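Open your viewer and get ready to select residues by number. Each stop below tells you what to pick and what to look for.

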Amino acid sequence: MNTITIKNKHNRKINELEKICIKLREFEKTKDYKAFYTFIKTTQVPFIPCYERKAKAIYQECFDTLHSIGEISIPVAVALSMHYYVLASLSSYPFSIQSMEYWKREMLLKKIRKEKLLIANTGSIRTFKDTSINENIITQIEKDNYIVNGEAPFMSLSEVADYIVFTAELSKEDKLVFFVSSNTNGITFHDAPFGDEMLGSFTKSVRFDNLNVNSNNVIKLNSAKEEKYELLIYQRSWFQGLISAPYLGAALSVILCLKEFSRKKIRHDKLLSESDNFLDSIGELMMKYKTANQLCKYTGVSISNFKKGDTVLLEKMFETSVLSKYYSTHIAEEIVTKIRSLMGSKFLSPGTITNKIYKEIVYGPLQPMTDLDIKNYFGTKVMHHET
């Protein structure tokens, strides 16, 4: 593929992203988010990992897309991050070309690309060594099929995704990853307690009742303990790295609102933008934003450096992603809170993007891994003399 072809493809994706953002602003007014997801599937943007197979390039493009959408709607960007991280980790994971999992992956990616499918998932692990599978979801073998029962508390894109991905336990030693059409009999969704703030994410709980799944739609994790969770940790690292993008996008959006506000607000007989104190304040906010952004970008580098079977790189990748998620979501919330104090009542005016983001930004630190899990992980590690 020559340089001109690559550049043309890149420019086409940028143009599509611009159109997506324009459409999203329109749908934000009507709250017709299902129509938005129908529209976005007509573009190549949700399917970047199907076209690009290098981890670093996938990460950069997915992160930038989620950041841009997060400037307009955190819930929509969060929902798409769930789709992206499953697809990206599946696309870039170094399966052996001789393994059945490799060819199942290739078939799935081809199907997703051709049929333009959105993917929802239940999540899979909580921490690095305590990789808690969805223990409330169990499965049994029946001839060439699997029968699944159980439930998961949260699934974004629950009513708009075409397929869902989840993990289930066959026994204490056997863990399986399932890929199932969302309209299959035996799958039901129920309201989750988020209210209108996360309306555009379609986050609900999901229940499986005697769900029948053909073995062709199942990937069995390696039975060796260290290898069993490698794919799940790899997948979770993608999630931790990408989930900050919506919140940092929102933080930048609020910084730009402050910039516009400062050029109109007069204090002490001059524009706020002309005040040295204001320049120091907005400069510091921009420094924090850029620091968090760079930390997240480094996660992409760490993911691209990962090699199958290398536990040192696996742990480094995981910790880098966790740290970027922790600091970036907190910094984003800190930026928004600080700007609220600078803008005063104007910030909370009904119908404004600042007021909307103020209500949504708090969900960043609550995304898995939570603050409690992250601090416990590093605290336990240092107490066991691991650094």
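Which residue forms a salt bridge with E115? Select K111: the closest N and O atoms of K111 and E115 are 3.0 Å apart. A salt bridge here is a side-chain nitrogen of Lys or Arg within 4 Å of a carboxyl oxygen of Asp or Glu.

Before moving on, note that this is a predicted model: local features need pLDDT of at least 70, side-chain atom pairs count only at pLDDT 80 or more, and totals for chains, interfaces and linings use all residues. Residues are numbered from 1 along each chain as its sequence is written, and side-chain values use heavy atoms, with hydrogens and water left out.

**Stop 1**

Helices are DSSP runs of H or I with at least four residues, strands are runs of E with at least two, and both are numbered from the N terminus. E115 counts as partly exposed because its relative accessibility is 43%. K111 is partly exposed too, at 26%. The scale: buried means under 20% relative accessible area, exposed over 50%, and partly exposed in between (1.4 Å probe, protein chains only).

Now select E106 and R105. They form a salt bridge, with the closest N and O atoms 2.6 Å apart. R105 is buried, with a relative accessible area of 4%.

The structure holds 19 salt bridges. Pick D162 and K41 for another one, with a closest N and O distance of 3.0 Å. This pair links distant parts of the chain, 121 residues apart. D162 sits in the loop between β3 (145–155) and β4 (163–169), and K41 in the loop between α2 (33–40) and α3 (48–51). Then select E28, K31, K356 and E360 together: salt bridges link them in a network.

**Stop 2: aromatic rings**

Show the rings of Phe, Tyr and Trp. Rings pair if their centres lie within 6.5 Å (the six-membered ring is used for Trp); planes under 30 degrees apart count as stacked, over 60 as edge-to-face and the rest as tilted. By this rule there are 19 aromatic pairs. One of them is Y93 with F95, an edge-to-face pair at 4.8 Å centre to centre and 70° between the planes. Y93 and F95 are both buried.

Next, select F318 and Y377. Their ring centres are 5.8 Å apart and their planes stand at 75°, so this pair is edge-to-face. It links distant parts of the chain: F318 is in helix α11 (residues 311–343) and Y377 in helix α13 (residues 371–383), 59 residues apart. F318 counts as buried at 0% relative accessibility, and Y377 counts as buried at 10%.

Then look at K23. Its charged end sits over the ring of F39, 5.6 Å from the centre. The test is NZ of Lys or CZ of Arg within 6 Å of the ring centre and within 35 degrees of the ring normal.

**Stop 3: K204**

Where does K204 lie? Look in strand β7 (residues 204–214). K204 counts as buried, because its relative accessibility is 15%. Its side chain joins that of E159 by a polar contact of 2.7 Å. A polar contact is a pair of N or O atoms within 3.5 Å; within protein, one must be able to donate a hydrogen and the other to accept it, and residues adjacent in sequence count only if both atoms are side-chain atoms.

**Stop 4**

Most residues other than glycine have a negative phi, and most peptide bonds are trans. K143 is in the loop between β2 (137–142) and β3, and counts as exposed at 83% relative accessibility.

Compare L157, also not a glycine, with a positive phi near 60°. L157 is in the loop between β3 and β4. L157 is buried, with a relative accessible area of 0%.

Finish at P368 and M369. A cis peptide bond joins them, with omega about -10°. M369 lies in the loop between α12 (353–360) and α13.
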